[in-house]
Amino acid sequence: MFITLHAAAGALAGELSPSYPSAFAFGFLTHFPLDMFPHGDRGFGHRAKHGRAARAYTLMIVADVVAALALMYGAILTGRFDRPFHAFLGALAGVLPDVVVGLTEYAQVIKKSARTYFRGFYRFHTYNHNRLITFYDFGMKFGLVYQVIVLLLILKLW
Ligand SMILES: [Zn+2]
């Protein structure tokens, strides 16, 4: 799932939380229900391992991270949040699971490492992302439309 969506959901949870630790905790927790539902990127890691596709996917991830940063930066600058630091912590925690998983996948694919960082967490994340609801996933295009709709709904709640 796009980082932008995880950041937006985490920010919402953070904004609604009464303290910094709870903003972080609730932001973190928003990650997993969002990942559970099919959203078009189940074959993403696998496809992204090869040649041209790898470059296209890397570009997409960079664009996604830039979009997430721009969204958060813009929202904080324009005073969208009553508690901007709560929202910021929530957003940070909301993307953290994918940072942990991304480190392992980067090490395995690029560095040919056999290492799995935070193995138990990595397994849990993969299980939650790929197996919990269904083995089925949408195509990437339909997944993209679905994610944009969910993002707009979350932004409406900000
Ligand atoms: Zn994830």
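Leucine 144 counts as partly exposed, because 15 C-beta neighbours lie inside 10 Å. Leucine 144 sits in helix α7, which spans residues 140–157. Asparagine 130 is 14 residues away along the chain, and the two C-alpha atoms are separated by 17 Å. The model is predicted, and every value here is computed from it.

Now the whole chain. It has seven helices and zero strands. From the N terminus on, the order of elements is α-α-α-α-α-α-α. The C-alpha atoms fill a box of roughly 45 × 30 × 30 Å along the principal axes. How does the radius of gyration of the chain agree with that of a compact globule? For 158 residues, a compact globule would have a value near 15 Å; the chain has 16 Å, so the two agree. Buried residues make up 29% of the 158 residues. Contacts in the chain with a separation of 6 or more are 78% between residues 24 or more positions apart.

Two packed helices are described by the angle between their axes and the distance between the axes.

Take α5 to begin with. Helix α1 covers residues 3–16, and helix α5 covers residues 84–109. Their axes are 6 Å apart, at an angle of about 140°. Roughly antiparallel needs an angle over 145 degrees. The pair α1 and α5 is therefore oblique. The crossing is right-handed. On the α1 side, the contact includes Ile3, His6, Ala7, Gly10, Ala13, Gly14 and Glu15. On the α5 side, the residues include His86, Phe88, Leu89, Gly90, Gly94, Val95 and Asp98. By class, this contact of α1 with α5 has 11 nonpolar, six polar and two charged residues.

Next comes α2, residues 20–36. The axes of α1 and α2 come within 8 Å and cross at roughly 140°. These two helices are therefore oblique to each other. Here, too, the crossing is right-handed. From α1, the contact uses Leu5, His6, Ala9, Gly10, Ala13 and Gly14. They meet Ala23, Phe26, Gly27, Thr30, His31 and Leu34 in α2. The residues divide into six nonpolar, six polar and no charged.

Leaving aside neighbours within four places in sequence, leucine 34 is in contact with Met1, Leu5, His6 and Ala9. Leucine 153 lies 119 residues away in sequence, with 13 Å between the C-alpha atoms of leucine 34 and leucine 153.

The axes of α1 and α7 come within 10 Å and cross at roughly 25°. Angles under 35 degrees count as roughly parallel. The helices α1 and α7 are therefore roughly parallel to each other. The crossing is left-handed. Thr4, Leu5, Ala8, Ala9 and Leu12 of α1 make the contact with Gln147, Val150, Leu151, Ile154, Leu155 and Leu157 of α7. Nine of the residues in this contact are nonpolar, two are polar and none is charged.

Leu5 and Ala9 of α1 meet α2. Leu5 and Ala9 are also in the contact with α7. His6, Gly10, Ala13 and Gly14 meet α2. These four also meet α5.

Two residues in other parts of the chain round out the picture. Leucine 59 is found in helix α4, residues 51–77. With 10 other C-beta atoms within 10 Å, leucine 59 is exposed. Aspartate 98 is 39 residues away along the chain, and its C-alpha atom is separated from that of leucine 59 by 17 Å.

The other is phenylalanine 118. Where does phenylalanine 118 lie? It lies in the loop between α5 and α6, the latter being residues 119–130. Most residues other than glycine have a negative phi. Phenylalanine 118 has a positive phi, near 50°. With 14 C-beta neighbours inside 10 Å, phenylalanine 118 counts as partly exposed.

Conventions:
Residues are numbered from 1 along each chain as its sequence is written. This is a predicted model: local features need pLDDT of at least 70, side-chain atom pairs count only at pLDDT 80 or more; totals for chains, interfaces and linings use all residues. Axes are lines fitted to C-alpha atoms, for helices over the stretch in contact, and angles run from 0 to 180 degrees between N-to-C directions. Angles under 35 degrees count as roughly parallel, over 145 as roughly antiparallel, 65 to 115 as roughly perpendicular and the rest as oblique. A crossing is left-handed if the near helix is turned anticlockwise from the far one by less than a right angle, and right-handed if clockwise. Two residues are in contact if their C-beta atoms, placed from the backbone, lie within 7 Å. Ala, Val, Leu, Ile, Met, Phe, Trp, Tyr, Cys and Pro count as nonpolar, Asp, Glu, Lys and Arg as charged, and the others, Gly among them, as polar. The radius of gyration is taken over C-alpha atoms; the globule rule is 2.2 Å times the number of residues to the power 0.38. A residue is buried if 20 or more other C-beta atoms lie within 10 Å of its own, exposed if 12 or fewer, and partly exposed in between; C-beta atoms are placed from the backbone.
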